[in-house]
Structures are given as C-alpha cells and as structure tokens.
Amino acid sequence: MATPTYTLPPLPYAYDALEPVISRQIMELHHQKHHQTYITNLNAALAAQAKAIQANDVPQLISLQQKIKFNGGGHINHSLFWKNLTPPGSAESSLDAAPTLKQAIATRWGSTEKFIEAFKAALLGIQGSGWGWLVANAPNGKLDIVTTKDQDPVTEPQIPIFGVDMWEHAYYLQYLNNKGGYVSEIWKVINWAVAEERYKNGVDGSAILKAAI
C-alpha cells in the first residue's frame, strides 16, 4: 500500500482578504510556513511509519505516534480553520447565513450574545497553545464549546463546527499581547455559511474530517 502524501491546501480567499481583522503578513506566515511545516513533518512521519511496519519495528512505530498525532492534528485543524474564515462584511460573515445553527445556539445558550461570551471565555482560558471549538455531539447534534491542547483535533463522536486557533502565531504579529482583542475581532471573519453546512451535513463526523485533508 502506498504511503499517503499530503499537500498544502490553497486558501479560499486572498492573503489580505481578512484585513483588518487578520493581516496579510500573519496569513502568509501562518499558511505558507506553519501549516506547511505540519504537512512536511506529517509526510515524513508517515513515510517512517511505513518503513517501520515493513521492518516489523514495533518500538519505532510507538515512537512515531506522537509525531503523527501532533502534525496530523495540525494539518486537520488548519485545513478546517481556513475554511471557517471569510472576509469581514461578506454575506457569509453574518450569522443570518446559518439559520439552523443560529436557532440551535439560541436554544443551547439562551442567545447568540451569551454563546459568544461563553466562547470568548473558553478561548481566553486556554493555558499555553491550543484551540477553541464549537462542536456538535453525534448523533443527537447537541452543541458544546470545547478546547483542545496543542494540535489535538476534535474527534468522534464530536463534530467540529468551527474552531479558533489560539497559538500565538495566529495573532501575535498584529495583536501582540492583546489576546482579548484577537478573541473579540475574530467574530467578524467567522464563515457562518460553512458552519451551517458542517452542522447540518456533518452528523456522522467523519465526512468533515476526511474532507479537511
């Protein structure tokens, strides 16, 4: 069986399309350098894994698992992240683009405003590097806010609706130590149309993660 090889997915918008919320400089570095590094390291780890399987080298297989998890998670998370962002002021950046999800959020948290405040609190509560996610729990679709450490991805039975990257490389060049500013501004570029599609069509969970990579 051939070893899978992953490549950097193109952004669905220009590098400067998210300004002034996220600068062109950040997007270029984040996409071309950080995401690419995860892919390069994932491909190397998978190639080493294939050799270890062929050699029946169990200790090597065990030692590679963390590299595959970290870099594979980085690839999945960023592939989802790019798609759940959209230029500020676009039709997709309005919560009205997600009527089904909007109603589910209001049912779960009482209002959109309360949901956003709860999500922001979760993001600012992350210690070190990680991600904040809106997830739906399969098979009932109940919504929750969760955080993941480092590059750990959301896994079944939870379905990632959208995520926010809280690694410093996602915001520091622009917001410096004002993490709260980034957490507040990111809502202007959330792609609610994509979130609606993930919520309505990703009930089995696997479809979203496979499509991401």
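Helix axes here are lines fitted to C-alpha atoms over the stretch in contact, and the angles between their N-to-C directions run from 0 to 180 degrees. Helices (H or I, at least four residues) and strands (E, at least two) are DSSP runs numbered from the N terminus. On that basis helix H1 (residues 24-55) packs against helix H2 (residues 58-83) at an angle of about 150 degrees, and their axes are 8 Å apart. The model is predicted, so local features need pLDDT of at least 70 and side-chain atom pairs count only at pLDDT 80 or more, while totals for chains, interfaces and linings use all residues. Residues are numbered from 1 along each chain as its sequence is written, and side-chain values use heavy atoms, with hydrogens and water left out.

**Overall fold**

- The protein has 8 helices and 3 strands, in the order α-α-α-α-β-β-β-α-α-α-α from the N terminus.
- Along the principal axes, the C-alpha atoms fill a box of roughly 55 × 40 × 30 Å.
- Of the 213 residues, 46% count as buried, where buried means under 20% relative accessible area, exposed over 50%, and partly exposed in between (1.4 Å probe, protein chains only).
- A contact means heavy atoms within 4.5 Å; among contacts between residues at least 6 apart in sequence, 71% join residues at least 24 apart.

**Annotated regions**

- UniProt, in an unreviewed entry, lists residues 5-85 as "domain: Manganese/iron superoxide dismutase N-terminal"; its positions use the numbering adopted here, feature names are shortened, and annotations may be inferred rather than shown by experiment.
- Residues 5-85 are 72% helix and 0% strand, and the end C-alpha atoms of this span lie 25 Å apart.
- The UniProt annotation "domain: Manganese/iron superoxide dismutase C-terminal", also from an unreviewed entry, covers residues 100-198.
- Residues 100-198 are 41% helix and 24% strand, with end C-alpha atoms 11 Å apart.

**The H1-H2 pair**

- H1 passes H2 in a left-handed crossing, meaning that the near helix is turned anticlockwise from the far one by less than a right angle (clockwise would be right-handed).
- The residues of the contact of H1 with H2 comprise 15 nonpolar, 14 polar and 1 charged; Ala, Val, Leu, Ile, Met, Phe, Trp, Tyr, Cys and Pro count as nonpolar, Asp, Glu, Lys and Arg as charged, and the others, Gly among them, as polar.
- Asn 56 sits in the loop between H1 and H2 and counts as exposed at 63% relative accessibility.

**Ile 105**

- Ile 105 belongs to helix H3 (residues 99-109) and is buried, with a relative accessible area of 0%.
- Leaving aside residues up to four places away in sequence, Ile 105 touches Gly 110, Ser 111, Thr 112, Phe 115, Leu 134, Leu 143 and Trp 192.

**Backbone exceptions**

- Most residues other than glycine have a negative phi, and most peptide bonds are trans.
- Asn 56 has a positive phi, near 55 degrees.
- Leu 176, in the loop between helix H5 (172-175) and helix H6 (179-185), has a positive phi of about 55 degrees and is partly exposed at 46% relative accessibility.
- Ala 138 and Pro 139 are joined by a cis peptide bond with omega about 5 degrees; Pro 139 lies in the loop between strand E1 (130-137) and strand E2 (142-149).
- The peptide bond from Glu 156 to Pro 157 is also cis, with omega near 15 degrees, and Pro 157 is in the loop between E2 and strand E3 (158-165).
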